[in-house]
Amino acid sequence: MLLRSYGVKPRLSTKSLFHVNQSCLHFNANSIDTQSSFPSSEPQCFIKTVCSQVYESYHQRAHLRFSPPKLNLDINPYSLTHEQAITIVASLANEAGSMVALSFFYWVLEISKFRHFTRLYIVTATSLIKNGNFDKANEVMQCLVRSFAEVGRLKEAVGMVFEMQNHGLKVKVETLNCVLGVGFEMGLFDYLEKVFDEMSERGVCGDFSSYKLMVVGYCRMGRVSEVDKWLSEMLEKGFIVDTATCTLVISLFCDKGFANRALWCFDKMVKMGFKPNLINYSCLINGLCKRGSIKQAFGKLEEMVREGWKPNVYVHTALIDGLCKKGWTEKAFRLFLKLVRSDNYKPNVHTYTSMISGYCNEEKLNRAQMLLSRMKEQGLVPNTNTYTALISGYCKMGSFERAYELMDAMDEEGFAPNICTYNAIVDGLCKNGRVQEAHELLREGLLHGLQADRVTYTILITQHCKEADTELAMAFFGKMVKVGLQPDIHSYNTLIAAFCKKKKMKKSENLYEEALRLGFVPTKETYTSMICGYCRDGNISLGIKFFNKMNDHGCVPDSITYGTLISGLCKESRLEAACQLYETMMDKGLSPCEVTRLTLAYEYCKKGDSAIAMVMLERLEKKLWMRTVNTLIRKLCSEKKVGIAALFFHRLLDKDRNVDRVTLAAFMTACYETDKFALVSDLNEKISKGIVQMSSVRSPSVVISAFNRKSRGPTYRIS
């Protein structure tokens, strides 16, 4: 057995080691076992002396509140050998009691050479188990765990705990929690799950602290799926989380893109009796706003107020920032004014910065400048983020001279431009075709000690993807990972879209799988790019598979996603499936783009099912219907399908007498070229009678051009 391998054997005789008289303690040297490893009288005397001092010191301090009391021995601990230490513990336990032995154990444990001596722990714990003192025996095993973890021997210590359980130790949940706490500090996550399961099988069930340790440990590592698993188990067992754990979980879920899951967990905890505080509500509202779930964020604001919590400036700032990011700056400004007029809270630098950033995103630079002035009047000092927001706004407008002036102003006010400032200008320059200038500016920033961040690399990756240089884009992606920067889902989206555009679907699949392995949540753009790539590649079945997977990650397809798949189905002449998808799209209130409408209608016309095309288009509002039918007539006329074009043309006249000049010219030309003179004559007659009037309204050439290219699908630009 494991304990026997450490040479633990009873060394104690049945004779009393201690003889106590009224005034002092006398140690009986003859009571030492003859099999002791110290045959000479000198070691025996030394052991007798130590035991006597321990016993005396213990009883002198037994009245103190500490249990066991801290000993005060007149002994040089460094003179003790390992064998002497365990002999003293065993002797004390046998004659003076396990608590006296435990006092000596703690005293000797302060010496480094004994901290990792396994037999010392075993002998002490065994003596406590023998006396039925399982609480203190567990404390000894917890000391073992902590001490051995210091030198990387945690697994050995845990193995010893299990072995001691086999020898009668009733392991307490506190010992399990000790292992979990130490293990998470060492990063042994998978091992700890096995320990937890093993303990459960051995009858040691985790308590609130056990589950909290697992949840908090995985939260700190950012491992969402494991947090979700352990939190679910924790809630199923009826444990209610504390406010600090709630904040950690909500923050992680929201940061990783699982805002809906965060909301669900929050509501579940509240139903179980959890009482959220102001910080919990603030954290959830902030997370929902960052993910764009503004309606839900305001719902939580109302709940928060009902529960008696007054929203502070941080909650207002989160909501203002969320509204601005959605492009709802006027609503944000109304909330901003409410904060300005409040007697309790006033906007801070972050509130002003969010509002300025919102106006800059909408290219309302005058309002942004007005807020900057107002901010200074209030005695608030703009920070680097404030100036960066303004610089970004001017770059979007193409006003790079003004952007450079603001950079100089930052320097004068003692705010050195950071990498975010450079990113804003570099991104603007790239989007305006001034790529060389962008590279030079970035090089200048790096020479001044700035470090490129994930956004910097994403801008460069996006630019090279735009130029179809996927090789260089991947080189920058590799460099980003090499320098220790974690790519985000937007970086992956950019590369996936670029490879899909080139029909390199294997590479796109690899990037998609890699993003999933890293715990990223695919977005609508991710799936739309993949679907588009498969449709381009002629693999519509995989496109449909990815379309069906969107719901797994909470992605709602938009009109571009539907349009991409509809175009792919039309290319394979699967019109029934395409029409079904079109109807689903319309039922959901999504407006199909003109290319989608035209593609599907034209394919039915080609097949001779113009009636279906007519019915399908009738669901459109009049303006969209007119645009679509005008373009469809021209397309049909260009291919000499005059009979079908005539059906749509006459339906067009029924809805509006004002006929587009280009459509009319195309129709009449097609009639002449196909000898449909009767149609021309009838039309001329209607024009002369004023029944038909010509309009100068024209459909945008970009739509006709896109339709003639057979809808190559969307391209997303991620910045």
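This is a predicted model: local features need pLDDT of at least 70, side-chain atom pairs count only at pLDDT 80 or more; totals for chains, interfaces and linings use all residues.

Reader: How many salt bridges in the whole structure?

Author: A search of the whole structure gives 34.

Reader: Which residue does E139 pair with?

Author: K136. Their side chains form a salt bridge, N to O at 3.3 Å.

Reader: Is K136 buried or exposed?

Author: K136 is buried, at 13% relative accessible area. E139 is partly exposed, at 28%.

Reader: What about R223, which residue does it bridge to?

Author: D190. The closest N and O atoms of R223 and D190 are 3.5 Å apart.

Reader: And where do R223 and D190 lie?

Author: R223 is in the loop between helix 11 (208–221) and helix 12 (224–236), and D190 is in helix 10 (residues 189–201). The pair therefore ties together parts 33 residues apart in sequence. R223 is partly exposed, with a relative accessible area of 25%.

Reader: D660 next. What is its partner?

Author: R634, with the closest N and O atoms 2.9 Å apart. This pair links distant parts of the chain, 26 residues apart: D660 sits in strand 3 (residues 658–660) and R634 in helix 35 (residues 622–638).

Reader: How accessible are D660 and R634?

Author: D660 is buried at 5% relative accessibility. R634 is buried too, at 12%.

Reader: Which residues are linked in a network of salt bridges?

Author: One such network links E330, E362, K364 and R367.

Reader: Switching to helix 11. What's its span?

Author: Helix 11 has 14 residues and reaches 20 Å from first C-alpha to last, close to the 20 Å expected.

Reader: Which of its residues are buried?

Author: In helix 11 they are S210, Y211, M214, V215, V216, G217, Y218 and C219.

Reader: What do they pack against?

Author: The buried residues of helix 11 pack against helix 9 (173–186), helix 10, helix 12 and helix 13 (243–255).

Reader: And what's at the start of helix 11?

Author: There, a side-chain oxygen of D207 comes to within 3.1 Å of the backbone nitrogen of S209.

Reader: Last one. Which residue follows helix 11?

Author: G222, with a positive phi near 75°.

Technical notes. Residues are numbered from 1 along each chain as its sequence is written. Side-chain values use heavy atoms; hydrogens and water are left out. A salt bridge is a side-chain nitrogen of Lys or Arg within 4 Å of a carboxyl oxygen of Asp or Glu. Buried means under 20% relative accessible area, exposed over 50%, partly exposed in between (1.4 Å probe, protein chains only). Helices (H or I, at least four residues) and strands (E, at least two) are DSSP runs, numbered from the N terminus. The expected span of a helix is 1.5 Å times one less than its number of residues. Contact means heavy atoms within 4.5 Å. A polar contact is a pair of N or O atoms within 3.5 Å; within protein, one must be able to donate a hydrogen and the other to accept it, and residues adjacent in sequence count only if both atoms are side-chain atoms.
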